[in-house]
Amino acid sequence: MTVNRELFDQVMVPNYAPSSVIPVRGEGSRVWDQQGREYIDFAGGIAVNCLGHCHPALVKALKEQGEKIWHVANVMTNEPALRLAKKLVDATFAEKVYFANSGAEANEGALKLARRVALENFGEQKSQIIAFNKGFHGRTFFTVTVGGQAAYSDGFGPKPGDIVHCDFNDLDAFAALISDNTCAVMMEPLQGEGGIISATDEFAKGVRELCTKHNALLIFDEVQTGVGRTGELYAYQGLNVTPDILTTAKALGGGFPIGAMITTTEIAKHLKVGTHGSTYGGNPLACAVGEAAFDTVNTPEVLAGVKAKAALFNELLTAINDKHQVFSEIRGQGLLIGAVVTEQFKGRAKEFLVAGTAEGVMSLVAGADVVRFTPSLVIPEADIREGMARFEKAVAKVVNG
Ligand SMILES: Cc1ncc(COP(=O)(O)O)c(C=O)c1O
């Protein structure tokens with residue numbers, strides 16, 4: 001069988017438009033394709049590969065668990081799930097954990113839980129969910145409707161109801177929307193897919209205060225920002241605003257699919273036996289890898305390293321920009337970095353990604369105007385420098401047409 005990009009068009013549903021490059025092997029922050037070409041990975045599987053590729057601690061956990069037990073139904077619990085849950089609880093505001101398999105599923109659980117809490121504590125009228133324009137929360141019908149881009153939820157028939165949106169960082173608009181009928185507010189502390197936009201301190205604090213005033217639950221979607229990405233274990237810890245529910249996925253498994261929703265005992269008690277569930281949520285293999293990833297990332301060295309690496313990344317990116325003047329702003333937190341293209345390149349961020357791939361460096365976009373970088377949290381300095389040297393060549397090619 002010839003396994004190449006053409007086969008994708010023959011046998012895969014056409015909801016993605018993948019590159020012609022097919023990666024077959026990875027080690028640390030380097031990846032090799034079918035032809036043996038090597039790439040520096042500044043994409044990290046969209047903020048998933050927090051420890052790069054095939055990190056020895058994750059490989060060891062996967063192999064060891066793979067020879068013990070792979071799966072048990074949720075009629076029984078398992079050791080890796082209990083250990084990872086305990087570590088999540090010990091490291092955060094949360095007291096209870098629900099495991100899922102992805103970010104969208106963790107968010108789905110959070111939204112269902114919030115609706116349940118409001119219904120049981122206050123009654124049917126308290127069902128409104130407020131979320132933010134440009135926000136992204138996943139692709140299940142509930143989460144994509146809560147997301148702030150109607151285009152993603154249009155075209156699938158009647159949408160889940162009582163979901164409203166306003167502009168991110170617009171506290172006045174938010175204050176005008178929230179009421180005692182608001183059940184929950186879902187937000188990313190730093191919008192990822194929407195273009196790498198940080199919540200201002202005042203906005204996050206204001207949202208928290210208004211949620212408390214109106215008995216609305218504040219849900220932080222930390223699927224992209226969580227597990228060290230911003231240099232904090234979770235971004236809320238840097239904002240000094242504590243949510244009622246937090247969702248985490250992506251880096252939580254370092255490349256193995258897992259998600260979690262974490263919350264307080266008081267809120268969690270509303271998901272009584274039988275109200276929600278998932279066959280694979282809390283799967284021993286996923287939780288064993290998750291535990292190893294969490295243990296490795298949640299150390300002062302790795303978290304401080306994120307900030308140091310981010311400083312180098314920003315310095316080199318700024319130097320490229322000083323020379324070529326293609327970005328109007330470089331923003332983000334930690335190793336979640338966005339470079340906003342200038343008016344001249346508006347709508348053309350993807351050209352930098354494509355040119356980068358051709359030069360041997362993998363990057364991402366966040367919308368049409370932002371080039372995004374989410375490398376491994378432990379990427380060696382030499383790989384940052386080499387990747388940036390390649391990226392500069394790519395920028396020069398885009399500039400020279
Ligand atoms: C903030 C945020 N929430 C949720 C999701 C959805 O996660 P998943 O694709 O694992 O369902 C993403 C994915 O990009 C995300 O960035």
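These legends walk through several close-up views of one predicted model.

Local features are described only at pLDDT of at least 70 and side-chain atom pairs only at pLDDT 80 or more, while totals for chains, interfaces and linings use all residues. Residues are numbered from 1 along each chain as its sequence is written, and side-chain values use heavy atoms, leaving out hydrogens and water.

View 1. Welcome to the ligand, which has 13 residues around it, the closest being Gly103, Ala104, Asp221, Gln224 and Lys250 (a residue counts if one of its heavy atoms lies within 4 Å). Helix 5 (residues 103-122) gives the most to this shell, with three residues; helices here are DSSP runs of H or I with at least four residues, strands are runs of E with at least two, and both are numbered from the N terminus.

View 2. Look here for pairs of N or O atoms within 3.5 Å. One oxygen atom of the ligand sits 2.8 Å from a backbone N or O atom of Ala104. A side-chain N or O atom of Gln224 is likewise found 2.8 Å from an oxygen atom of the ligand. For Phe136, a polar backbone atom lies 3.3 Å from a nitrogen atom of the ligand. The protein buries 81% of the 390 Å² that the ligand exposes when taken alone (Shrake-Rupley method, 1.4 Å probe).

**View 3. Phe136, an annotated residue.** An unreviewed UniProt entry lists Phe136 under "binding site", along with residues including Asp221 and Thr279; such annotations may be inferred rather than shown by experiment. You can find Phe136 in the loop between strand 5 (128-132) and helix 6 (141-146). Leaving aside residues up to four places away in sequence, Phe136 touches Tyr152, Glu188, Glu193 and Asp221 (heavy atoms within 4.5 Å). Phe136 counts as partly exposed because its relative accessible area is 24%, with buried meaning under 20%, exposed over 50% and partly exposed in between (1.4 Å probe, protein chains only).

**View 4. Thr279, from the "binding site" annotation in UniProt.** Thr279 belongs to the loop between helix 11 (265-268) and helix 12 (284-297). With 57% relative accessibility, Thr279 is exposed. His71 and Asn74 are touched by Thr279, not counting residues up to four places away in sequence.

**View 5. Ile196 and its positive phi.** Although Ile196 is not a glycine, its phi is about 60°. The loop between strand 8 (190-191) and strand 9 (197-198) holds Ile196. Is Ile196 buried or exposed? Ile196 is buried, at 1% relative accessibility.

Notes:
Polar contact = N/O pair within 3.5 Å; in protein donor to acceptor, adjacent residues only side chain to side chain.
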